[in-house]
Amino acid sequence: MDPLLKVEGVTLQYSTNGQLTTATDRVSFEVERSERFVLLGPSGCGKSTLLKAVGGYTRPVEGQILLNGVKIAAPGPDRMLVFQELDQLLPWKTVQENVTFALTASGKMRAPEARERAAHYLAKVNLSDFTGSYPHTLSGGMKQRAAIARAMAMEPQILLMDEPFASLDALTRAKMQDDLLQLWEETKFTMLFVTHSIPEAIRVGHRIVLLTSHPGRVIAQVESSSSDAASIHRMLFGGEAHA
Amino acid sequence: MRKVVVLVTLALLWEGYARWLGNPLLFPTLTMTVAALISGFASGELPTAIGYTLQLLLKGYTAGVLLAGLFTALASASRIGADFLEMLTAMFNPLPSIALLPLALIWFGLGDGSVIFVLIHAVLWVVALNTFSGFKGVSPTLRMVGQNYGLSKAGFIARILIPAAFPSILAGLKIGWAFAWRTLIAAELVFGVSSGSGGLGWFIFEKKNQLLIPDVFAGLLTVILLGLLIENLVFGVIERRTVRRWGMQT
């Protein structure tokens, strides 16, 4: 079977104040169905930009991105993003409404069905007691869990995670990683996960693509089961780096 | 509780001073004012004036808000539109609307048209500016979340941009209302002479001409009470049900 997501020789550029910056340079990788795939690299390696290109928010100047063999042209509910920022929930909607709104606004289902689905996924992330709460009353970890539930409830082809735990404290972060793996055991979703943390990449991913910065290029692709933090660190920063 | 004490003290001071002065043509007592207020309501004169003023306010305010929506749409659509809005707002915002009344009287004649024109000017700029800056301030993350759902352009504006910018929009509506209210009373005072029927400003003006000073005070009191009522009831309730509940108060 063909891989779900194909990123083929993708070069991404963006301009700030008239200056053109190359975010990634001819990056290629493939994500299989039900795989947890990680993009790992230091800041400035274009990993977030790459994720947003898969989301359809920016277009490659070279190469192409295919989902199920179809070229990605615009954002759509078949690729749900979870962001790093804690303000990604709509503050004027309760936790439950945030999930149901995603489902109804995208035309996936009608309100009664959406409510059932929302309750199901909110229970999965242990937010059943907070369905009627407004986002500003939640802790950072709860907000991110609600955002993950919202994305998962859409049952997208692929979940795009842009450092979703980076704004959280270390303890919450570790807990969230465990919970995410538990969720994956239950539903086997496909996930493209961006992070700059080597331990997180090893913990969360099946396979990891390592990217250099300025511009982002693929240096290696490794299996997380056969890698350790020290060797990945060497690959990313070379022998001269003092860890 | 403390507010009640302050209110009672002020009432006592008023009553005491007016009695000591003993000249109701200059400064009537509180009791006389209240009596005038009650008889004004009983005769139906004040309710008619209030009704007239409020319907005029509603017309001007609605027109101003709708125009502000249009201006914001134009400003959001293009760079040059945004420049226009910012320039016009910078020019017209410092200009008290009432200063346009003489000109409006020449353009639209003596009548409601002139007052509505002045009211639109009072509301338009501040609402448009606040709405526009509210839209600009919507976080890129929320925008991307909205786009992720595949909403149409209109759906995106109505269901993401407007609620996300609502604290700023509401602030604009509130300031716009305050401008409009003050402008309207002033406008009615200035050309109260023109028509037989009129609003609260006209009521105050007319009573002054008849030297019914307690009635003048009753009219002023009505203006204050109505202003407080709308600010606390209408906007207060909207605020509690929206931005405060959402934790979005700026």
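Predicted model: local features only at pLDDT ≥ 70, side-chain atom pairs only at ≥ 80, totals over all residues.
Begin with chain B and select helix α9, residues 166-190, together with helix α10, residues 200-209, which pack with their axes 7 Å apart and at an angle of about 40°. Looking at how α9(B) and α10(B) cross, you will find that the crossing is right-handed. To show the contact itself, select B:Ile185, B:Ala186, B:Ala187, B:Glu188 and B:Leu189 on α9(B), and then B:Leu200, B:Gly201, B:Trp202, B:Ile204 and B:Phe205 on α10(B). Colouring these residues by class gives eight nonpolar, one polar and one charged.

Next, bring chain A into view beside chain B, where the contact takes 16 residues from chain B and 17 residues from chain A. On the chain B side, select α7 (140-148) and α8 (153-164), each of which supplies at least two residues to the side that touches chain A; α7(B) gives the most, with six residues. By class, this side of chain B has eight nonpolar, six polar and two charged residues.

Finally, move to chain A and select A:Leu159, which lies in strand β7, residues 158-162. With 24 other C-beta atoms within 10 Å, A:Leu159 is buried, since 20 or more are enough to count as buried. Leaving aside neighbours within four places in sequence, A:Leu159 is in contact with A:Met80, A:Val82, A:Ala151, A:Met152, A:Phe189, A:Thr190 and A:Met191.

Methods:
Residues numbered from 1 in each chain as written. Chains lettered and ligands numbered in written order. Axes fitted to C-alpha atoms, helices over the stretch in contact; angles between N-to-C directions. Helix = DSSP H or I, 4+ residues; strand = E, 2+ residues; numbered from the N terminus. Left-handed = near helix turned anticlockwise from the far one by under 90°. Contact = placed C-beta atoms within 7 Å. Nonpolar A, V, L, I, M, F, W, Y, C, P; charged D, E, K, R; others polar. Buried ≥ 20, exposed ≤ 12 C-beta atoms within 10 Å, placed from the backbone.
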